[in-house]
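Please open the model in a viewer and follow the stops below in order.

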Amino acid sequence: MSILLLLQTYGKLTAAELAERLEVSERTIHRDMEALSAAGVPVAADRGTGGGWRLMDDYRTDLTGLHEAEIASLFLAAPDKALGDLGWRRASEGAIIKLLAALPGVGRRTAEFVRERIYLDSNGWKESEEKVDALPALLEAILQENKVLIAYEKGGDAPAERLVAPLGLVMKGTVWYLIGSVDDGEPRTYRISRIVRCEPTEERAVRPANFRLSDYWEASTERFVARLPRFEATLRVDPEYEYFVRMWKYATVLERKSEDAEGWIECRVRFQTEEEACRLALALGAHGELTEPPGLRGRVARVAADTAEWYARRSNADEGRESGGGGAIGVSPRRLVGADAEASR
């Protein structure tokens, strides 16, 4: 059934393409084709360049049924934010209504059951809204397969103009990205919130052969994560504050050990930088302790002391103003953390 639906949808596919989509060997595809032919299904193989398997004489098969899991997957709708950004929220609601009406009674009950019990929310707890003004124009260019002229702002520099062949859109969390190529080169990733101007053109966009958006994004993400700076540290934490560590945006718990003699939990945590580890320790206060690598506790202690001194001076200044006097203001703790970070390098 899957082979018939694929050939019916795409017209012609090679044995290699069918094998990849169905996650079987090419030999299995050839055996399946023989079985289909023996069952009276008119499948034909075109040889040579541009060849492949196809259905003869406009043969079509009716979709006789869907499994419950297939129905459930269809009705796990895309997150509302994604549909809203693309301008497809109302269209999605209309499509779901039509699909529900087309399903038999049992299938309709399955779909409604799943929709009331599984909800996909792409919004993170700490994500901020980003401007996606260029998204409608980019979507139109992708659908029309035309290039776009964009002005892209990066690293605080003046926006640079680029003629881009758009290849796809990706939403990561709540952030939208454009995947596109310049001068028919290697695909690149552009954060849409940094596109300050987007103008459609009539120039046709050439899509690289064998380009698959999901494959590109997966490989690109792996390369990005591999290049991130990494700093590992050992942290003891009060069990009541363990959730705080797991909620910390720039910390990943790699290993969690059982409670020690004092009832605290030891964790191996990965940060991007040593400074970020110190920030978490300062945020935990007396409810957490960095124990490794050596010297880290000393750095936290110095920054904490500088911060305490800063607030003491501010407090004295406030008391001085209330009594009509002046008051000395010290160096801000932000600068002290920066200076300490410079010293640690």
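Angles under 35 degrees count as roughly parallel, those over 145 as roughly antiparallel, 65 to 115 as roughly perpendicular, and the rest as oblique. The model is predicted: local features need pLDDT of at least 70, side-chain atom pairs count only at pLDDT 80 or more, and totals for chains, interfaces and linings use all residues. Residues are numbered from 1 along each chain as its sequence is written, and side-chain values use heavy atoms, with hydrogens and water left out.

First, select helix 1 (residues 2-10) and helix 3 (residues 26-38), whose axes come within 11 Å and cross at roughly 90°. Helices (H or I, at least four residues) and strands (E, at least two) are DSSP runs, numbered from the N terminus. Axes are lines fitted to C-alpha atoms, for helices over the stretch in contact, and angles run from 0 to 180 degrees between N-to-C directions. Helix 1 and helix 3 are therefore roughly perpendicular to each other. Next, show the side chains at their contact (heavy atoms within 4.5 Å): Ile3, Leu4 and Leu7 of helix 1 meet Ile29, Asp32, Met33 and Leu36 of helix 3.

Then select the open sheet, in which four strands follow the order 10-11-9-12 with antiparallel pairing; two strands pair if DSSP finds at least two bridges between them. Strand 10 (251-259) and strand 12 (288-292) stand at the edges with a single partner strand each, so one side of each has no neighbour in the sheet. Strand 9 (residues 231-237) and strand 11 (residues 265-271) pair over seven bridges; Leu235 has Cys267 of strand 11 as its bridge partner. Finally, select helix 11 (residues 274-284), which packs on the sheet and touches strand 9, strand 10, strand 11 and strand 12.
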